Amino acid sequence: MVYSVEQNTFIVMSYYRNGTFVDGAWLYSVAACKQEYLANYPDLEIQETSLEAHIRDVINRFVRTGNVNKGRPTVSEEVVDDLRERLEQNPQTSLTRLSQQSGVPVTTCHKVVKKRLHMHPYKITTVQQLLPIDPPRRVEYCNWFQNTFHDDGLLDLTFFSDEAWFHLSGYVNSQNFRIWSAENPHVFVETPLHPLKIGVWLAVSRRRIYGPIFFHDTMTGERYRQQILEPFIQQLDDEELQLGYFQQDGATAHTARATLEYLQQHYDDRVISLGVQHAFPPRSPDLTPLDFSIFGYLKDKVFQRQMNNLAELQHEIERWVQSIDGRMLQNIFESKKKRVNMCLELNGEHFQHLL
């Protein structure tokens, strides 16, 4: 038989109510409790031996845990409402702090917040700051992109380019890095005063990736043209050079007059950059495949282990660039189109929270 909370509570109250004080000690009777229970619940068919065993179980559990039923006590609606109100007033409150404020155990707070309030922890996303002039530029670019790239064929011929620095020491976020220990192990990470790093330039279309081209010094317009653009353009096939577009960001080396003239000699008016007809909006890494996908992927893979020198770092970068296959590129450009749509829906404002 399954006993209700009400019945088990009656058993506890009856057991102690029928106790007697003899020679300085309280004596309690299971038999007296049983008789009172049967008188209070006369319609229930109960075997007396089974009831006696149940009374002992309930009393022992109550003495041991303070509960009349198995399992943990049910959290009252008043407690749930209190936790909800505290979180609504300060959504950044940690569960530890919530427990301290409410007097509810941390484990109970966690279960109530997750299972009763259906709340989940979300990380803050860091995004590029947009200036007031940026959203209209982003809308203009996205409209042009949709009108120009009607099918995947043109995206197969169009290259989106960018560069990034890879540091030999990798990257450790101290705010997200924890070591559990009974005592402070005083773990630290050494970083050199002038960290060794290597610059990586890549260009990517929907069907293939070009690079990496490595560089070590600050990129100037002349270096950009001689070390990057010239080798890149020489390896393009006729269809890519005659029909495809070329995108770059607004770095000074990219938008120098000599650089733009050089690109227009080969691409005519099919250059996507600041300072030309088809302007790529500034402060928009969320719209270029290398920034929102490929460089993050490469750094996650490359820095899975510690490297000892720049040659080893360069080898790892090359290895993981080669791992980017056609299926991955197609998925990245599907994401590019989705991002363009979202940017238009939000009139050029941030859209990462919708991804």
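I began with the hairpin: strand 4 and strand 5 form it, with 4 residues between them. The model is a predicted one, and I read it as such.

I looked up how the two strands pair. Strand 4 and strand 5 run antiparallel to each other, over 5 bridges. In that pairing I found Gly199 opposite Phe215 of strand 5.

Then I turned to the largest nonpolar core. I noted 43 residues in it. Tyr141, Phe166, Leu202, Ile294, Leu298 and Ile317 touch the most other members. Several elements give two or more residues to this core, including strand 3 (159-167), strand 4 (197-204) and strand 5 (209-215). Helix 7 (134-148), helix 13 (289-302) and helix 14 (310-322) are also among them. Helix 15 gives the most, with 8 residues.

I also found another core, apart from the largest one. This other core has 21 residues, among them Ile213, Ile233, Ala253 and Leu260.

I went back to Tyr141 for its contacts. Setting aside neighbours within four places in sequence, I listed Phe160, Ile272, Ala279, Phe280, Pro281, Leu287 and Lys336 as in contact with Tyr141.

Last, the cysteines. I looked for disulfides and found 0 in the structure. Cys33 has 0% relative accessibility. Buried means under 20%, so Cys33 counts as buried. Cys109 is also at 0% relative accessibility, and therefore counts as buried.

Note on methods
Residues numbered from 1 in each chain as written. Predicted model: local features only at pLDDT ≥ 70, side-chain atom pairs only at ≥ 80, totals over all residues. Heavy atoms only, no water. Disulfide = S-S within 2.5 Å. Buried < 20%, exposed > 50% of the residue type's maximum accessible area, 1.4 Å probe, protein only. Core = buried A, V, L, I, M, F, W, Y, C linked by side-chain atoms within 4.5 Å. Contact = heavy atoms within 4.5 Å. Pairing = 2+ DSSP bridges.
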